[in-house]
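Here is a short report on a ligand site and the loop beside it. Look at the model first, then read on.

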Amino acid sequence: MKNRLAIYPGTFDPITLGHLDIIERAVSIFDEVNVAVGRNIGKQPLFSVEERIEMIQKTTAHISNVKVSYFDGLIVDYAQKLGAKAMIRGLRAMSDFEFEFQMALVNRTLFPDLVQVFLMPHEAYTHLNSTIVREVSSFGGDITPFVTPYVAQVLHKKFHRSK
Ligand code: ADP
């Protein structure tokens, strides 16, 4: 039987401990998880695709069944191309629900065979998103509770290069 592959798409600008929590849960139920860095039309990312991929690779280096990739275009087309059985999304709070619900139903219409799986992170991460991490870092705040040491270092360099 073909390995059960799940795709975990997102912007990951940058990857946080909340994303890592979801990836760790996903690898416990799938043979392989492909963390797919996508382009979000509504967001101008701080980090290049290469930087985001490197941060994800370093953050997930301890997990053997994780791959990191980049896609452009529709996530369902990319999922189909990879042969993914499922798509993983994280649900932090009710505020995520409406958007995720709409996207899940649209994706299901486009690709009915792709199973949508929603995972809840540990409650320590339910308040966390990449935007808040970028903001705290830009003002010189300590972001080590929210990201891995490597990501904290990359963020620090990005905002405080001359210091
Ligand atoms: P997007 O731009 O698609 O929201 P993100 O990189 O912000 O991409 O998030 C990718 C996925 O990870 C989404 O399903 C999002 O809900 C989830 N996610 C983001 N932050 C967290 C977190 N702190 N805990 C759990 N899931 C999260």
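A polar contact is a pair of N or O atoms within 3.5 Å; within protein, one atom must be able to donate a hydrogen and the other to accept it, and residues adjacent in sequence count only if both atoms are side-chain atoms. The model is predicted: local features need pLDDT of at least 70, side-chain atom pairs count only at pLDDT 80 or more, and totals for chains, interfaces and linings use all residues. Residues are numbered from 1 along each chain as its sequence is written, and side-chain values use heavy atoms, leaving out hydrogens and water.

## Ligand contacts

| Residue | Protein atom | Ligand atom | Distance |
|---|---|---|---|
| Arg89 | side-chain N or O | oxygen | 3.1 Å |
| Tyr125 | polar backbone atom | nitrogen | 2.9 Å |
| Leu128 | backbone N or O | nitrogen | 2.9 Å |

On its own, the ligand has 540 Å² of accessible area (Shrake-Rupley method, 1.4 Å probe), and the protein covers 92% of that.

## The shell

The ligand is surrounded by 17 residues. A residue counts if one of its heavy atoms lies within 4 Å. The closest are Tyr8, Thr11, Phe12, Lys43 and Gly90. By type, the shell holds seven nonpolar, six polar and four charged residues. Here Ala, Val, Leu, Ile, Met, Phe, Trp, Tyr, Cys and Pro count as nonpolar, Asp, Glu, Lys and Arg as charged, and the others, Gly among them, as polar.

Which elements each supply at least two shell residues? They are strand 1, helix 1 and strand 4 (86-90). Helices (H or I, at least four residues) and strands (E, at least two) are DSSP runs, numbered from the N terminus.

Phe12 lies in the loop between strand 1 and helix 1. Its phi is positive, about 50 degrees, although Phe12 is not a glycine. Is Phe12 buried or exposed? Phe12 is buried, at a relative accessible area of 2%. Buried means under 20% relative accessible area, exposed over 50%, partly exposed in between (1.4 Å probe, protein chains only).

Pro14 sits in the loop that runs from strand 1 (5-10) to helix 1 (17-27). The peptide bond from Asp13 to Pro14 is cis, with omega near 5 degrees.

Ile15 is also in the loop between strand 1 and helix 1. Ile15 is buried, with 1% relative accessibility. From Ile15 to Ser138 the C-alpha to C-alpha distance is 16 Å, across 123 residues of sequence.
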